[in-house]
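Thank you all for coming; I would like to walk you through one structure this morning, taking a few places in turn.

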Amino acid sequence: ILTENDESTTTPGMFLIGPKVRHGNAIFCFIFKFRQRLPIVAETIAERLGVAVEIPEEYKRGGMYLKDLSCCSEECAC
């Protein structure tokens, strides 16, 4: 079970990304989907370390910043 930021609920500080990660009905089964989640993990770690981080707008516009999972469904349509 993971938090909204892909962190283990039983081992704080351990983040998971990859094809087995699921959030509700969202299954990140292909490289593209879990690459979209990497900035979320990096942002969370940086915040905890007190490091200012800004995800470039180009990255977000390019679809590589998947924070809102409402676009994901049970069916993987990668």
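Let me begin with Ser 70, which counts as exposed because its relative accessibility is 61%, where exposed means over 50% relative accessible area, buried under 20%, and partly exposed in between, with a 1.4 Å probe and protein chains only. Before I go on, this is a predicted model, in which local features need pLDDT of at least 70 and side-chain atom pairs count only at pLDDT 80 or more, while totals for chains, interfaces and linings use all residues. Residues are numbered from 1 along each chain as its sequence is written, and side-chain values use heavy atoms, with hydrogens and water left out.

Turning to helix H1, where we find Glu 43, helices here are DSSP runs of H or I with at least four residues, and strands are runs of E with at least two, numbered from the N terminus. Is Glu 43 buried or exposed? Glu 43 is buried, because its relative accessible area is 14%.

Beyond neighbours within four places in sequence, Glu 43 is in contact with Val 53, Ile 55, Tyr 65 and Lys 67, contact meaning heavy atoms within 4.5 Å.

Finally, Val 51 sits in the loop between helix H1 (31–49) and helix H2 (57–61), and Val 51 counts as partly exposed because its relative accessibility is 47%.
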